Amino acid sequence: MLNYEAAATFILIFVRASAFLAAGPLFFFPNVPRPLKAFMAFVLAVVLFPVVPGVEPDFPGGLLGFALAAAEEAGVGLVLGFVTSLVFQSLAVAGQIMDIQMGFFMANLFDPAMGHQATISSRFLYLLGMVLFLILDGHHVLIAGLARSYELVPLTGAALDGTTTLAVVKIFARMAALAVQIAAPVVAVVLIIDICLGLLGRTAPEMNIFMLGFPLKIALGILTLSVMVPLFGVVFRAMVRMMEQDLYTVIRGLSG
């Protein structure tokens with residue numbers, strides 16, 4: 001006979017893992033097959049089931065009680081996945097800022113992985129970050145964080161309050177500032193070019209500054225970005241550590 005508490009425990013573990021993978025960086029892409037996402041969540045649920053504390057014997061029965069518990073676990077998984085994905089979103093935003101300054105912003109490409117339009121540098125930085133994330137074993141950090149969440153935030157025991165919301169907002173603001181910092185070298189180079197072209201336009205009004213500046217911004221912007229790429233390993237390692245700290249900060253906030 002199927003034990004109700006054991007079945008409820010497994011399903012709730014599966015729901016949190018599914019939401020975490022859906023909102024997290026690795027399986028966020030729309031072109032990742034949904035059966036693969038479900039299978040990975042099922043595997044994680046099977047692995048974690050023996051070590052996750054089960055629901056209490058007085059767990060609310062009935063369809064409504066179980067639906068509310070499942071919605072709570074989905075919310076926990078989505079929050080944790082969203083926090084981990086902010087690192088990659090900051091890279092994408094940094095790329096968009098670079099492209100705005102270099103003049104690439106109008107050259108949007110359809111990104112089949114993300115399912116929407118993306119600029120060239122944004123796409124490049126996002127994919128570079130994904131490769132570095134796997135090289136630095138960032139996926140191990142995600143799995144360890146998810147497993148730890150079941151210990152610190154028991155099933156049906158999440159505290160979704162203002163403290164958690166404030167922590168997520170602070171993390172979001174810090175990642176937005178990080179995006180500006182990553183794009184700062186390219187922005188600074190383009191700003192210097194604009195100043196020089198402005199002075200040149202004053203001294204030689206007959207010159208077509210626009211036609212001269214457009215390829216110059218692109219060339220020096222790409223050159224600056226190519227100089228930055230070798231440093232991304234060090235920068236992204238720090239970003240992964242920051243992501244891990246943020247993940248555990250939110251987990252502790254959800255634990256109440």
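In this predicted model, the axes of helices α1 and α2 come within 8 Å and cross at roughly 135°. That angle makes α1 oblique to α2, since it falls in neither the roughly parallel range (under 35 degrees), nor the roughly antiparallel one (over 145), nor the roughly perpendicular one (65 to 115). As for handedness, α1 passes α2 in a right-handed crossing. On the α1 side, the residues that meet the partner helix are F10, I13, F14, A17, S18 and L21. Facing them from α2 are K37, A38, M40, A41, F42, L44, A45, V46 and L48. Sorted by type, the residues of this contact come out as 13 nonpolar, one polar and one charged.

The structure holds five aromatic pairs. In the pair made by F10 and F42, the ring centres sit 5.7 Å apart and the ring planes stand at 75°, so the pair is edge-to-face; the cut-off for that label is over 60 degrees. F10 belongs to helix α1 (residues 4-23) and F42 to helix α2 (residues 34-48), so the pair ties together parts that are 32 residues apart in sequence. Elsewhere, F88, Y126, F133 and F236 come together as one aromatic cluster.

Back to helix packing, now with α5 (residues 138-152) and α8 (residues 232-254). Their axes are 10 Å apart, and the helices pack at an angle of about 15°. That makes α5 roughly parallel to α8, because angles under 35 degrees get that label. The crossing of α5 and α8 is right-handed. From α5, the contact draws on V141, L142, A144, G145, R148, S149 and L152. From α8, M243, E244, L247, Y248, I251 and R252 take part. Eight residues of this contact are nonpolar, two are polar and three are charged.

Is E73 buried or exposed? With a relative accessibility of 0%, E73 counts as buried, because the cut-off for that label is under 20%. Leaving aside residues up to four places away in sequence, E73 touches L12, V15, R16, P154, L155 and T156.

Notes. Residues numbered from 1 in each chain as written. Predicted model: local features only at pLDDT ≥ 70, side-chain atom pairs only at ≥ 80, totals over all residues. Heavy atoms only, no water. Axes fitted to C-alpha atoms, helices over the stretch in contact; angles between N-to-C directions. Helix = DSSP H or I, 4+ residues; strand = E, 2+ residues; numbered from the N terminus. Left-handed = near helix turned anticlockwise from the far one by under 90°. Contact = heavy atoms within 4.5 Å. Nonpolar A, V, L, I, M, F, W, Y, C, P; charged D, E, K, R; others polar. Phe/Tyr/Trp six-rings, centres within 6.5 Å; stacked < 30°, edge-to-face > 60°. Buried < 20%, exposed > 50% of the residue type's maximum accessible area, 1.4 Å probe, protein only.
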